[in-house]
Structure formats: structure tokens, C-alpha cells
Amino acid sequence: MAATCPFNHIDHVGVAVKDIDAALRLFQEVFGAPPSEVEVLEDQGVRATLVEVGQTRLELLEPLSNESAVGRFIERRGEGLHHLALNVNDIAGKLKALDERGIRLVDREPREGLSGAIGFLHPASVFGVLTELVENDRG
Ligand code: ZN
């Protein structure tokens, strides 16, 4: 049987932090990460950046307020690993196929994110891991 949502590679790993500038400094000064630009994503309620690390990337997310999704995540669970992003082709088709298979989705349709077209699956359907699908030119 063919898999419902085969993926190309891990596009990035998302980390929730309280202070993105301090986190970026740590990754640059301690781990030698290259400079990266911080962007404000009002619709997601975060300041975010993608740090290139070899074949994958690290996404740092700082909530704009305690009421945003990432703000609530940090209040409940503290800073740390937030989500895993899988690089896929045909994200709209993948979300539809996952929905038909009964996987709980946060996004039924792809939307624009920092890393390309994105859509989140609910962690309840993926053993507690908030999982993001990403389609971009790195696929
Ligand atoms: Zn992400």
C-alpha cells in the first residue's frame, strides 16, 4: 500500500524561545550558525528566523504575546522543541489525503509561512509531535 504522505527530508525543526535574539546569539557564538534575518509574522503571532544548519534548518520562534499559540506553548511547557517540519511535494494534495485518512489537521488548506507553503497536523495524531508540512524549492 502506498504511503499517504511520503516526505523528501526534514525541512526544519522548530524551537520555541522567549528571546530570539539571545537564542540566535547562542547558536551563532556556540554552534557557529550563519547570520539569519528575524521576521515578524503577525498572523502567526511570532518573531521567527530560519537558521541554516547543514542540510536542514532550525526555526526559532519567539511569541509576540502570551496569548499567541507559541506563547501558550511556552506558558504550558516552557521553552524547547516545538515542531518538526517535513518537506513534501503537492502539499494541498497531501493535506487532503491525510484528512481523508482521518489524521487530525490544524490547517486543512496550505498557507504562506516563513519556509514556503505550510500546513500543520495536530500533535494528537502524531504521537504528541506538532508536525508541519512544507512545500518549497528545497524539495
Ligand atoms: Zn516551522
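Which residues coordinate the zinc ion, and through which atoms? In this predicted model, the ligands are H12 (NE2), E59 (OE), H83 (NE2) and E132 (OE), at 2.0 to 2.1 Å. Donors are N, O and S atoms within 2.8 Å of the metal (3.2 Å for Na, K and Ca); water is not among the atoms, so sites may look incomplete. Residues are numbered from 1 along each chain as its sequence is written, and side-chain values use heavy atoms, without hydrogens or water. Because the model is predicted, local features need pLDDT of at least 70 and side-chain atom pairs count only at pLDDT 80 or more, whereas totals for chains, interfaces and linings use all residues.

The zinc site is irregular, with angles of 86 to 170° among its four donor atoms. Four donors count as tetrahedral if all angles lie between 85 and 135 degrees; four count as square planar and six as octahedral if opposite donors are over 155 degrees apart and all others between 65 and 115; anything else is irregular. The donor residues follow the spacing H-x46-E-x23-H-x48-E in sequence. H12 belongs to strand β1 (residues 9–16) and E132 to strand β8 (residues 131–135), so this pair ties together parts 120 residues apart in sequence. Helices (H or I, at least four residues) and strands (E, at least two) are DSSP runs, numbered from the N terminus. H12 is buried, at a relative accessible area of 0%. E132 is also buried, at 2%. Buried means under 20% relative accessible area, exposed over 50%, and partly exposed in between (1.4 Å probe, protein chains only).

Eight strands form an open sheet with mixed pairing, in the order β2-β3-β4-β1-β5-β8-β7-β6. Two strands pair if DSSP finds at least two bridges between them. The edges are β2 (39–41) and β6 (111–113); each has a single partner strand, so one side of each lacks a neighbour in the sheet. From one strand to the next, the twist averages 35°.

β1 pairs with strand β4 (residues 56–63) in the parallel sense, over five bridges. Here G14 has the zinc ligand E59 as its bridge partner in β4. Helix α1 (residues 20–29) packs on the sheet and touches β3 (46–53) and β4; the directions of α1 and β4 make about 155°. Axes are lines fitted to C-alpha atoms, for helices over the stretch in contact, and angles run from 0 to 180 degrees between N-to-C directions. Contact means heavy atoms within 4.5 Å. Seven of the eight residues of β4 are buried, so the rest of the structure largely encloses this strand.

β3 and β4 run antiparallel, joined by eight bridges. V46 is opposite P63, and E52 is opposite R57. Their hairpin has two residues between the strands, and G54 takes a positive phi near 65°. β2 and β3 are likewise antiparallel, over three bridges. E39 has A48 as its bridge partner. Four residues separate these strands in a hairpin, where G45 in the turn has a positive phi of about 65°.

The largest nonpolar core has ten residues: C5, L86, V88, I91, L95, L98, L105, A117, L121 and L133. Such a core is a set of buried Ala, Val, Leu, Ile, Met, Phe, Trp, Tyr and Cys residues joined through side-chain atoms within 4.5 Å. Two or more residues each come from α3 (91–100) and β7 (116–121). α3 gives the largest share, three residues. Another core, of nine residues, lies apart and includes V15, V17, I20 and L60.
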